Amino acid sequence: MATKIKDMIGSWAASPPVLYYQLKQAMDDPESSFNDYSQIISADPALTARLLKIVNSPFYGFSSTVETIDHALNIIGTDQLMDLSLATVVVSKFKGIPRDLINMETFWMHSIATGIAARKMAMAVGIDNPERFYLAGMLHDIGTLLPLKQQTETAKGVLEKCKETKQHLFLVEKETYGFSHAEVCQLLLMEWQLPQRLIDMVTHHHFPLEVSDPEVRRDCCILNMSDIMIYFLKIGNSGEPAVPQLLPDVPKHAGVPKDVIDKIRKEVPEEVDETVKMFI
């Protein structure tokens, strides 16, 4: 199966986004400083402008204006800014898929909204580095896009069958390819050498209870709940024809109180439109 998935991701996607790779190298170098990270990001003016726009948005809610990447690094830290950088770069990496195959605006709307909801849930229960939940939300369905590049007609047939039969996307993918978009994304993120915790979240976002490690299972359950919430709210779409089922034990393992979930459900729609404009 791994060979077939490797064929699916193709060489065009198998190397990590260049800027992320440069940042990762710098962060792995004990001699590097904030100034080194800042110079790498600032070399891309469009990315710099977008990141500062995000950091100054209600997404973070800082009382004073963040004017430079150095300032952003001091406030939100290198890990969070690195995650935001990758999320921003990935959106541009997947441009160019024809609208008659999939509406990329609604695809990213679903992904961004899932990330917003997951981040809010993680923050509400005090999990460290909630930005990784946002990144996981942004990335969790990109495995759907790769077949549209590599096996266009087959992938189009998969999406059409989902609409006609109301079967879940991951089931039709399994029947057609022998693997799902989550497995495609797993291998892609492994090729990009992203953190294992992030890879686990994306890999198991449909079946979080299969994860044995309690903390990783909690993270996967939060992403699963966020994904389902966004489908329930009808914010964007990444190919699923209906709202996926929430398994009864998922909320318990996620550990997010019901009143918090209800609050997030009301907050997310207000934040999505503004956030989408920053990324696409």
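Ala, Val, Leu, Ile, Met, Phe, Trp, Tyr, Cys and Pro count here as nonpolar, Asp, Glu, Lys and Arg as charged, and the others, Gly among them, as polar. The model is predicted: local features need pLDDT of at least 70, side-chain atom pairs count only at pLDDT 80 or more, and totals for chains, interfaces and linings use all residues. Residues are numbered from 1 along each chain as its sequence is written, and side-chain values use heavy atoms, with hydrogens and water left out.

Start with the empty space. Rolling a probe the size of a water molecule over the atoms shows where such space is left. The search runs on a 1 Å grid over the protein atoms alone: a cavity is a set of points where a 1.4 Å probe fits but cannot get out, a pocket is an open set with protein on both sides within 12 Å along at least five of seven lines, and lining residues have an atom within 4 Å of a point. Points are joined across faces, edges and corners, and a volume is the space filled by probe spheres set on them.

The largest pocket has a volume of about 300 Å³. It is lined by 16 residues, and the closest to its centre are Leu 101, Leu 159, Lys 163, Asn 237 and Gly 239. Helix α10 (residues 152-165) gives the largest share of this lining, 4 residues. Helices are DSSP runs (H or I, at least four residues), numbered from the N terminus. By class, the pocket lining has 4 nonpolar, 5 polar and 7 charged residues.

The whole structure has 2 cavities of 30 Å³ or more. The largest cavity has a volume of about 50 Å³. Its lining includes Thr 144, Leu 159, Glu 173 and Tyr 177. Two or more lining residues come from each of α9 (145-150), α10 and α11 (169-177). This lining has 7 nonpolar, 1 polar and 1 charged residues.

The second largest cavity holds about 40 Å³ of space. Among its lining residues are Met 27, Tyr 37 and Thr 78. Helix α6 gives the most to this lining, with 3 residues. The classes here are 7 nonpolar, 1 polar and no charged.

Tyr 37 leads on to the aromatic rings. Rings of Phe, Tyr and Trp (its six-membered ring) pair if their centres lie within 6.5 Å; planes under 30 degrees apart count as stacked, over 60 as edge-to-face and the rest as tilted. The structure has 4 aromatic pairs. Phe 34 and Tyr 37 form a tilted one, 6.2 Å centre to centre with 50° between the planes.
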